[in-house]
Amino acid sequence: MLARRAVMALVLLSAIVVPARASAALPPIKHVWVIQLENHSYDETFNNAAQPYLWTQLRTMGQVLTQFHATGHASLDNYITQISGQAPNVDTMADCQHYIDVTPGIMATDGQVLGQGCVYPAAAKTLVDQLEAKDLTWRGYMEDMGNDPAREPATCGAPQPNTDDKTQQAAPDDQYAARHNPFVYFHSILDVPGRCEAHVVPLTALQGDLAAISTTPNFNWITPNLCNDGHDATPCAGPNAKGTHEGDLIAADAFLAKWVPVITGSPAFQQDGLLLITLDESSIGDSSACCGEPAGLNTPMPGITGPGGGRIGTLAISPYVQPGSTNDKPYNHYSLLRSMEDLFGIPEHLGYAAKPDVPAFGDDVYNRPGGGPVPGAPPLSARDAGSTGKAQKLRVFLRSRAPRRLSRVRRGFSARIAITGSDRMTTAVQVRLRRGKRVVASSGRPGTVAHGHGRLRVRPRSAAPPGRYRLELRAFHEGKVVARDSKRVWIGR
């Protein structure tokens, strides 16, 4: 009995000490970017001189993880794994042609949801849920999203529930694909009014967000369009980053050449950033796996013909990663999720990322402990170098229950609010209904809404005769208006 107690004490002690050592070794990285490419093997992507920017520039800026593996075929199941730890099911392996809920959607062993379908129940949490619980910020940037409102909305980009997904094929003026936007497959994100719309935005918003540390989210997900991510072959339905119709990795290489300098030249990246360039899956002929990947509860073969999604490789660039290095340690998409959770100090690991044999990035990846400049990164301007993050630039999104035509406002109405920005947790907001300079209805003194989302009741101050009005939303920081949004409404019979 004493011997057994001694063994148990040693087990408990090691359970306490080992995570503490691993956590202490992590660098002070506070901003992460993930650029997601598509459907190519490690050799095609990272060992191919035909991709001049990847081959001559990016490999010298960071570390190539040569044994990084995808977790399934085809696309969507990998995206879902990366942010939630959920294993593939039959519908996600088929890219969810029909946008339906996972049924029966029961939480089972290892944090896995039992069933088939696309949209996971609210009980299935994601990395971004974990980030918000720690008051950290995030955004997903989707190229081409909203170009054609008949295909998908301009923010969030979710298909209509229980309908066929209209974005499965690229269009000449809109090459967005919902199956490459993992955030629209979780009720934990979709069911909070305005949340998805505030956080999942077109790629065009990225450069403005990167202008200052204060406006740069802690976690940034970037999905190129179906041409620029390397998914579609030549000719693409629409133009690539070069303005031609070349597809495959030619387009992906041009996309990286355009956007990587924007990221690595930003104040947040140069202060404490990490850029990961990865892929969803390897070519369909490779269904290899690593790291003890389990099949899951909903399919016997995540790779369709094998246990995984094949060898894809990943590139890590950071002031805390040795330029020009390589790493042969096996990792997969569950590893990526676990590594992000560790990096942001999140103690709970989601789904199969919690498996004890899932490796997470350590000093093999973060192999430059003291940090240093990243070769090839654009230099900061004097203005950017002096940025302390004190400037507050917030984007405010207004959602109102009031239609554009109101019969009256005698009893007031409810306005739905969503805020994103560096101080969304503490930013005060106010809604007013104006006619010229006269305020006829207001939500009262500026007040905060929980987690940047909520509703404010707009109550009448005076009579509102028929005519044109403006519904105005204002956000305050330290007593000053830092952002506003508005729309026109008509009051009358």
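Gly85, which comes just after helix H4, has a positive phi of about 75 degrees. Helices here (H or I, at least four residues) and strands (E, at least two) are DSSP runs, numbered from the N terminus. The model is predicted, so local features need pLDDT of at least 70 and side-chain atom pairs count only at pLDDT 80 or more, while totals for chains, interfaces and linings use all residues. Residues are numbered from 1 along each chain as its sequence is written, and side-chain values use heavy atoms, with hydrogens and water left out.

Let us stay with H4 for a moment. The helix covers residues 76–84, and nine of its nine residues are buried. Buried means under 20% relative accessible area, exposed means over 50%, and partly exposed is in between (1.4 Å probe, protein chains only). Among the buried residues of H4 are Tyr79, Ile80, Gln82 and Ile83. The cover over them includes E1, H5, helix H6 (127–133), strand E10 (219–223), E11 and H12.

Gln36 has 0% relative accessibility and counts as buried. Its side chain joins that of Gln82 in a polar contact of 3.1 Å. A polar contact is a pair of N or O atoms within 3.5 Å; within protein, one must be able to donate a hydrogen and the other to accept it, and residues adjacent in sequence count only if both atoms are side-chain atoms. Leaving aside neighbours within four places in sequence, the contacts of Gln36 (heavy atoms within 4.5 Å) include Tyr79, Gln82, Trp221, Asp229 and Thr278.

On the way from H4 to H5, the loop holds Asn89. Which backbone nitrogen does the side chain of Asn89 reach at 2.8 Å? That of Asp91 is one, and the backbone nitrogen of Thr92 also lies 2.8 Å from a polar atom of the Asn89 side chain. Asn89 is buried, with a relative accessible area of 0%. Not counting residues up to four places away in sequence, Asn89 touches Val102, Gly115, Gln116, Gly117, Tyr120 and Asn298.

Now for the charged pairs. The structure holds nine salt bridges, each being a side-chain nitrogen of Lys or Arg within 4 Å of a carboxyl oxygen of Asp or Glu. Three of them are listed here.

| Salt bridge | N to O distance |
|---|---|
| Asp95 and Arg179 | 3.5 Å |
| Lys355 and Asp110 | 3.3 Å |
| Glu246 and Lys242 | 3.0 Å |

Asp95 lies in the loop between helix H5 (90–93) and strand E4 (98–99) and Arg179 in the loop between strand E8 (163–164) and helix H7 (187–190), so this pair ties together parts that are 84 residues apart in sequence. Both Asp95 and Arg179 are buried. For the second pair, Lys355 sits in the loop between helix H12 (333–343) and helix H13 (382–385) and Asp110 in the loop between strand E5 (103–107) and strand E6 (113–116), so the parts tied together are 245 residues apart in sequence. Lys355 is partly exposed at 25% relative accessibility, and Asp110 is partly exposed at 39%. Elsewhere, Asp129, Glu132 and Arg195 are linked in a network of salt bridges.

The nonpolar interior comes next. A nonpolar core is a set of buried Ala, Val, Leu, Ile, Met, Phe, Trp, Tyr and Cys residues joined through side-chain atoms within 4.5 Å. The largest one has 92 residues, and those with the most contacts inside it are Ile35, Leu58, Tyr185, Phe219 and Leu256. Helix H10 (residues 248–264) gives the most to this core, with eight residues. Another core, of 18 residues, lies apart from it and includes Val409, Val431, Leu433 and Val440.

Finally, the chain as a whole. There are 13 helices and 23 strands, and buried residues make up 56% of the 493 residues. Of the contacts with a separation of 6 or more, 73% are between residues 24 or more positions apart. The chain exposes about 20000 Å², of which carbon and sulfur atoms supply 55%; accessible areas come from the Shrake-Rupley method with a 1.4 Å probe, and for residues only the protein chains shown count as cover.
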